[in-house]
Amino acid sequence: MMISCIIIDDEPIAHRVLRNHLEELSHVQVLASFHNAADAEAFLKTNHIDFIFLDVEMPEVRGIDFLKRLEVKPITVITTAFRDYAVDGFELGVLDYLLKPISRERLSNAVKRVTEMIQLMQVPSSINDDHTQKYEILIKAGTQKVIVDLRKITHAQGLKDYTILFTEDKKYLVKGSVKAMEKYLPDSHFIRVHRSFLIAKERVKVVNHNRIELGEISIPIGKLYKEVVSNFLVTRLPSKFEQSL
């Protein structure tokens, strides 16, 4: 499956690094590179691409502001030297967040996530309201119907008009926001930790400052949800947990 992208970054060395890494991924085609947001925006008005690599700190228009004003937002992978922009990016539906300097392995993992996302989007999915078993939801994906055990869902991530449900070995892309998904994922088992994230309560094991570490995935804790997460952790482990939020 061939996929196409553009690179938006004001640093020439960042373009070289990304292109060198991407040369090893034969299914990825870089259609164009831009050093400012204005040229990239003009290109996107007349060209279709599958995803973008987007720097945050650029002259004139910042990457985050550029993304906000796009009516149709492509799948986006943030590339930046600043860790603090992760929360802003996720709130705009960014799929992944790469911290410079970017390694080949980390870039490859990001492209893998993009490819999976594109494949999931090709099969429209929905949740059946009529299926109300205690620990199950029924997901319709194309012509298939899949019963998913809620206890196997690790977390959910909102991306624009979709929500990705993650289990330990599979992903399901469902039409609808994270907010809408909350009614299907009972609060006895799941907790909202960010505008874009729900997480299974039993999976919350490690909290590092303002992030929940879920294996190789680091989930941000939104400002509006800090107190909720802190109270949950204190209630769950009252004698052992030391607050660090």
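The model is predicted, so local features need pLDDT of at least 70, side-chain atom pairs count only at pLDDT 80 or more, and totals for chains, interfaces and linings use all residues. Residues are numbered from 1 along each chain as its sequence is written, and side-chain values use heavy atoms, with hydrogens and water left out.

**The sheet**

- Five strands make an open sheet in the order β11-β10-β9-β13-β12, with antiparallel pairing.
- The edges are β11 (171-175) and β12 (190-194); each has a single partner strand, so one side of each is left without a neighbour in the sheet.
- From one strand to the next, the twist averages 20°.
- Strands (E, at least two residues) and helices (H or I, at least four) are DSSP runs, numbered from the N terminus.
- Two strands pair if DSSP finds at least two bridges between them.
- Strand β10 (residues 162-167) pairs with β11 over five bridges, in the antiparallel sense.
- Ile164 has Leu173 in β11 as its bridge partner.

**The helix on the sheet**

- Helix α5 (residues 104-121) packs on the sheet and touches β9 (153-159), β10 and β11.
- Contact means heavy atoms within 4.5 Å.
- The direction of α5 makes about 50° with that of β11.
- Axes are lines fitted to C-alpha atoms, for helices over the stretch in contact; angles run from 0 to 180 degrees between N-to-C directions.

**Thr80**

- Thr80 sits in strand β4 (residues 75-80).
- Its relative accessible area is 0%, so Thr80 is buried.
- Buried means under 20% relative accessible area, exposed over 50%, and partly exposed in between (1.4 Å probe, protein chains only).
- The Thr80 side chain reaches the backbone nitrogen of Phe82 at 3.1 Å.

**Aromatic pairs**

- There are two aromatic pairs in the structure.
- Phe34 and Phe43 form a tilted pair, at 5.3 Å centre to centre and 55° between the planes.
- Phe34 and Phe43 are both buried.
- Phe51 and Phe53 have ring centres 5.2 Å apart and planes at 70°, so this pair is edge-to-face.
- Phe51 and Phe53 are both buried.
- Rings of Phe, Tyr and Trp (its six-membered ring) pair if their centres lie within 6.5 Å; planes under 30 degrees apart count as stacked, over 60 as edge-to-face and the rest as tilted.

**Charges over rings**

- Arg151 lies over the face of Tyr135, 4.1 Å from the ring centre.
- Lys175 lies over the face of Tyr162, 4.8 Å from the ring centre.
- A charge sits over a ring if NZ of Lys or CZ of Arg is within 6 Å of the ring centre and within 35 degrees of the ring normal.

Terms used:
Polar contact = N/O pair within 3.5 Å; in protein donor to acceptor, adjacent residues only side chain to side chain.
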